[in-house]
Amino acid sequence: MAGLSGSPKAAQLNGSDVSLVAFARRACGLADCLEHSTPESGSPAVALVINRAGFIADVVVNEDAWELRERVGASHEGHLIEGDLLMPGFVDIHTHGLGGADDATGYWKNPDFTQKHLASVGTTSFLASLVFPDDGMKTVNEILSCLVPRIGSLGHGAVLEGIHAEGPYVKDLGAMPEGGTLMTVDELDAWIDSLPPATVRMMTISPSVEAQCNYQHMKCLLKHSILPALGHDRSASEKAILGALQCCPGKQLHITHLYNVTGFHHRLPSLVNFGIAEKFPNLPEYKGLLPPTVELIGDLAHVHPLTIQSTLASRSCRNVAFISDAISAPLPGSKTAYAGRQLHVGEDGTTVKLLGTDTLAGSCATLLTTFKNLVSVIGASEEDASTMLSTTPARIVGLDDIGRIQKGCRADFVLLNDNYDLQYTVIGGKAAFSRREQLP
């Protein structure tokens, strides 16, 4: 792209280090460019300059973005892609995979299946959620042997950023399989030590369980910089939850799939009460504590749209992440084994239940579908929806170089048209999905 010169902004494109320029008429997640957007003008046009290492080398806005688009297109040098809306790629911090094995507990033994599919629906990074079947950690350790070499690795589709352990220290299983004997604190510590650093980024843990052992497992997680996510506890008391939060005053914990397998009471606060509070009351027992971040399943079935609206009216989008909690591809009527039971995908292709029951086991909805739901049904702005699907989840689990459009960040983003149809998924500066290549 050495021929792209002639203005101060264009001068930054000189040389051979530029591999891609992406242009859109508007954008979300512009971390360094908010001053260019006003309520009157709306989001600015944007052009991203991507270097060959796969990072964002520059973010060009407004007239300079249009000028760059014209020059790159006219020069026929390099590679220009464009769409109507550019956003950070979606970050899913709670997904159990989409298939690739005969039993859902073994999906992550074949990560390629899910990673490629996620890229085709706009998800660029994810945590692999693991459950703990009653087999003495055999399944978990087999899965980890497949996943650990993939963590942070590009070129497989969506990037596996680490593990979300959904258990084993949970009180109410919901649809999860029965577990076996729990690891002691020493065994948990040794298990984490046996893994590379930052393998496990988050673990769902029940306050009711932890209160019985003085929060020793939570303290072990915090020692290893693993985020405790409070959840799977319908009867967690105010005292038990406060005890959990007091393990790390001044630090935000997290709540796993708010409203699902959690409780609420107007006089006896439980996890939902804590999850819908943007600030805590001025009471001695709450002093120095921060309200947890929360995640919501956005398929509009696990949580009713009215409840989602109420939640977003009380919580900042900086504290809310939307997740898929996926456990199957959206194949209406299909069945899958799950730890000795059967899962059944509903006829709408959105939810998964334990066969023959009304117990929800997970979702089939993608984060792209959730984005559309948030904008068209919930009434969220594109910017807020993008924040809750990319920026906030990345921040919650400590992924500092993704989830926003900023110079120096990894070039993970999506381009949509005005109907919110996915046009491109770019991961590490390379197109992992292109609608043009899917057309007959």
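Predicted model: local features only at pLDDT ≥ 70, side-chain atom pairs only at ≥ 80, totals over all residues.

Is Arg 25 buried, partly exposed or exposed? I get a relative accessible area of 34% for Arg 25, so I log it as partly exposed.

Next I checked the partner. Arg 25 makes a salt bridge with Asp 84, with the closest N and O atoms 3.6 Å apart. Asp 84 is buried, at 16% relative accessible area. The two sit 59 residues apart in the chain, Arg 25 in strand β1 (residues 18–27) and Asp 84 in strand β4 (residues 80–88). I then found that both belong to a salt-bridge network that also takes in Arg 69, Glu 70 and Glu 82.

Total salt bridges in the structure: I have 16.

Another pair I looked up is Glu 278 with Arg 315, at 2.6 Å from N to O. Both are in loops, Glu 278 between α9 (271–275) and β11 (293–297), Arg 315 between α10 (305–314) and β12 (320–323), and 37 residues separate them. Here the Arg is the buried one: Arg 315 has 4% relative accessibility, while Glu 278 is partly exposed at 32%.

I also noted Asp 172 with Lys 171, where the closest N and O atoms are 4.0 Å apart. Asp 172 is buried at 14%, and Lys 171 is partly exposed at 41%.

Then the largest pocket. I have about 380 Å³ for it. It is lined by 22 residues, and Arg 201, His 224, Ser 225, Ile 226 and Leu 227 come closest to its centre. Helices α5 (185–193) and α12 (382–396) and strand β8 (200–205) each give two or more lining residues. By class I logged 12 nonpolar, 6 polar and 4 charged residues in the lining.

Note on methods:
Residues numbered from 1 in each chain as written. Heavy atoms only, no water. 1 Å grid on protein atoms, 1.4 Å probe; cavity = no way out; pocket = protein on both sides within 12 Å on 5 of 7 lines; lining within 4 Å. Points joined across faces, edges and corners; volume = space filled by probe spheres on them. Helix = DSSP H or I, 4+ residues; strand = E, 2+ residues; numbered from the N terminus. Nonpolar A, V, L, I, M, F, W, Y, C, P; charged D, E, K, R; others polar. Salt bridge = Lys/Arg side-chain N within 4 Å of Asp/Glu carboxyl O. Buried < 20%, exposed > 50% of the residue type's maximum accessible area, 1.4 Å probe, protein only.
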